[in-house]
Amino acid sequence: MTPGTDLRPYLPGVEPERQITDWGRSERVEGLFDRTLVEFFYRLWFRCEVQGIENVPAEGGALLVSNHSGALPPDAPMIAKAIKEEHPHPRPVHLTMEHFFKGFPGFSMLLPKVGGVPAHPANVHRLLYDERQLVLVFPEGRKGTEKLYKDRYRLRRFGRGGFVEAAMRAGVPIVPIAVVGAEESAPIFAHVRPLQRLTGLLYFPITPTFPHFGLLGMLGYLPAKFIIRFLRPVRTDAMGDEPWEDKGLVQTVAQDVRATIQDELIEMLGERRSVWFG
Amino acid sequence: MSSKRILLTGLSTYWGGRLAQALERDPGVEAIIGVDRRPPKVELRRTEFVRVHDSHSLIRRIVEAAEIDTVVDTRLVVDSIVTTPRLAHDNNVMGTTNVLAACGGEGNPVRKLVFKSSAAYYGAERDDPAFFTEDMERPHPAQTLIERDIVEAEGAVRAFADRHRHVTVTVLRFASALGPALRTSLSHLFGLPAIPAILGFDPRLQFIHEDDIAGCLEHAVRHDLPGVYNGGGDGVLVLSEVAGLLAKPLLPLLPPVGTGLAASVLRRAGVKISPEALGLLRYGRAVDNRKLKATGYRYRYTSREAVIKLREHQRLAAIVGANQEAYRYERDVEEFLRRSPSVRNRPDSSAFDDLGADELIALLPSLEPAALAELAAHEREHAARPGVLRAIASLQGFEPDR
């Protein structure tokens with residue numbers, strides 16, 4: 001075997017008797033959530049409006065990049081649901097999550113079942129390149145979800161551009177996404193550090209319903225109207241040989257994607273007449 | 001390079017024996033010499049057994065006297081359940097150093113070394129990738145003794161490979177092994193009436209059937225595969241899926257905080273949960289097996305099929321009692337049968353008639369359905385032992401649970 005052999009033909013085959021993928025994703029659990037909670041929030045509560053769905057490729061890997069907010073972020077399942085519902089070729093979306101969740105009891109059990117994948121570069125690469133799947137990342141990470149209500153729709157830093165590097169290595173397009181509504185649905189007014197330390201959570205926010213309604217209060221979203229806009233894909237396969245080695249280029253592309261989403265958000269906010277009715 | 005004269009360490013392990021059997025069938029292999037502390041458990045026709053463990057000078061003398069060109073080292077202890085930490089360390093670190101010393105040096109005939117290691121090399125941590133590839137390192141230093149031993153042993157093998165460029169060194173890192181002949185921490189937990197779990201965790205696990213371990217080792221002997229290769233069945237199961245396949249309840253006995261303490265209490269109660277199994281029960285582990293597949297190896301069992309095989313074995317064990325060794329090696333008798341001029345009919349291992357009922361039952365799970373049906377008909381016409389017939393029927397009627 002020579003180095004650089006294409007290993008894609010050697011991916012394990014699908015065992016039809018199984019209902020769980022090698023990533024730990026369960027058809028049954030995901031279907032259950034999809035038909036109940038997600039369906040309710042998508043159709044009735046947030047009344048999601050989807051624009052530009054044609055920008056999501058019908059086949060091959062693609063990296064979806066979105067702004068991020070909300071203590072228990074509602075944007076990820078809504079984007080996944082939008083692709084499932086509106087796309088002519090519905091495809092599963094793999095949601096990257098922080099390693100923290102793999103180590104936290106309960107989350108560790110549940111999140112992989114509904115499509116969560118720890119945000120390890122090797123995982124993203126395997127999904128994008130080898131398995132040609134859709135992967136959703138939030139480059140803001142927890143800096144996005146823990147930001148306060150007063151900072152809404154102001155994008156945080158996009159890390160070190162790791163997501164651009166991942167897309168370049170896999171040679172797949174980046175599809176920027178702008179989500180409006182998530183910020184108002186789960187506003188955070190303050191953080192309580194001592195309680196965060198006590199519970200071992202990523203942060204301990206004060207929201208309209210948390211912590212006074214308990215853990216379920218995390219799901220107590222306000223019924224803001226969601227608008228999910230998929231933007232024009234950025235191709236990464238024609239940027240020369242090994243573009244990921246060029247850190248300057250990586251940063252430039254990351255900044256461009258961030259600026260695209262930020263500009264789009266400002267435009268969408270300007271068009272919006274009501275937080276609740278769009 | 002084609003291997004003609006082969007030395008096997010760990011001949012009495014299941015895969016050591018299976019590998020020797022497979023190599024015996026190859027007329028191109030001139031000599032097979034197996035060393036171990038204990039005599040082999042499988043029937044061997046022309047493999048020569050020498051009772052020695054890992055003494056450097058003795059192995060060296062055998063290597064030189066027999067002009068060994070290939071050494072297959074299957075002796076590594078990868079599970080703390082089988083021995084004490086001190087013996088494991090002796091075997092894994094000192095033993096490996098000794099075997100390597102016997103393979104190197106001026107004028108040494110060895111040209112190929114196949115080293116059986118374990119995916120425990122990668123550990124099991126929170127920030128692991130979902131699939132380890134061969135070029136990845138563990139994100140944190142090893143915590144458990146056995147993992148530290150494995151890392152150290154592999155380090156010694158790597159250093160040997162760097163110093164001896166003319167020797168093809170293959171390291172095989174195997175996922176958690178399952179099989180009737182094996183006793184591992186995981187197979188012990190899977191054999192309990194309910195499978196203990198850590199509350200709030202459902203880890204991803206990958207398995208390899210013991211026949212595939214023997215198969216991978218043989219593949220490495222027959223081909224030149226320098227470098228490290230992962231070995232693991234296709235497919236990664238979550239623990240709850242394994243429990244479903246084994247038709248056993250999952251019991252989240254271990255709390256997520258203070259897990260080590262709870263495990264030591266359980267250990268007192270006879271539930272042997274090894275420290276390295278705790279990592280697997282929390283975070284799980286899977287390896288990317290494609291590099292070996294790309295060299296032409298085809299796995300006989302997926303992870304799921306390995307678990308189903310274990311289930312079949314557990315069902316049979318419930319009928320006929322604990323695993324009985326199908327064959328015991330009696331050295332003097334074997335020597336007589338092989339070499340004595342008085343023997344007119346050399347024994348043929350392929351016929352089943354000369355096996356006792358228990359021995360036959362222990363063999364059943366390894367048969368293909370067609371062969372099983374044939375055997376059932378044969379058994380009904382001839383001996384018609386009720387125990388054997390019942391065991392065959394239970395295997396034939398068995399449909400794996402969803």
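Which residue stands opposite B:Val169 in S6(B)? In the predicted model described here, that position is taken by B:Leu113. The model is a prediction, in which local features require pLDDT of at least 70 and side-chain atom pairs count only at pLDDT 80 or more, whereas totals for chains, interfaces and linings use all residues. Residues are numbered from 1 along each chain as its sequence is written, and chains are lettered from A and ligands numbered from 1 in the order in which they are written.

The pairing of B:Leu113 with B:Val169 belongs to a parallel arrangement of strand S5 (residues 112-118) and S6(B) in chain B, which extends over seven bridges. Helices (H or I, at least four residues) and strands (E, at least two) are DSSP runs, numbered from the N terminus, and two strands pair if DSSP finds at least two bridges between them. In strand S6 (residues 168-174) of chain B, seven of the seven residues are buried, so the strand is largely enclosed by the rest of the structure. A residue is termed buried if 20 or more other C-beta atoms lie within 10 Å of its own, exposed if 12 or fewer, and partly exposed in between, with C-beta atoms placed from the backbone. In a regular strand the side chains alternate between the two faces of the sheet. In S6(B), B:Thr168, B:Thr170, B:Leu172 and B:Phe174 point one way, while B:Val169, B:Val171 and B:Arg173 point the other way.

Chain A contains 10 helices and nine strands. Its radius of gyration (taken over C-alpha atoms) is 19 Å, close to the 19 Å that the globule rule gives for 278 residues, so chain A is as compact as a globular protein of that length. The globule rule is 2.2 Å times the number of residues to the power 0.38. Along the principal axes, the C-alpha atoms of chain A fill a box of roughly 60 × 45 × 40 Å. Of the 278 residues in chain A, 42% are buried. Two residues are in contact if their C-beta atoms, placed from the backbone, lie within 7 Å; among contacts in chain A between residues at least 6 apart in sequence, 75% join residues at least 24 apart.

Strand S5 (residues 134-137) of chain A directs A:Leu134 and A:Leu136 one way and A:Val135 and A:Val137 the other way, and all are buried. Strand S2 (residues 62-66) of chain A runs parallel to S5(A) and is joined to it by four bridges, with A:Leu63 opposite A:Val135. Strand S3 (residues 93-97) of chain A also pairs with S5(A) in the parallel sense, over three bridges, and A:Val93 stands opposite A:Leu134.

The largest nonpolar core has 165 residues, and those with the most contacts inside it are A:Leu63, A:Leu64, A:Ile79, A:Leu136, A:Val175, A:Ile177 and B:Leu217. Such a core is a set of buried Ala, Val, Leu, Ile, Met, Phe, Trp, Tyr and Cys residues joined through C-beta atoms within 7 Å. Leaving aside neighbours within four places in sequence, the contacts of A:Leu63 include A:Leu128, A:Val135, A:Phe163 and A:Val175.

The interface brings 27 residues of chain A into contact with 25 residues of chain B. On the side of chain A, helix H3 (99-103), helix H4 (107-110), strand S4 (116-118) and helix H5 (121-130) each supply at least two residues. By class, this side has 12 nonpolar, nine polar and six charged residues. Ala, Val, Leu, Ile, Met, Phe, Trp, Tyr, Cys and Pro count as nonpolar, Asp, Glu, Lys and Arg as charged, and the others, Gly among them, as polar.

Two loop residues of chain B complete the description. B:Glu67, between helix H2 (56-65) and strand S4 (70-73), has a positive phi near 50° and counts as exposed, with 12 C-beta neighbours inside 10 Å. B:Ala247, between helix H7 (239-245) and strand S13 (250-254), has a positive phi near 55°.
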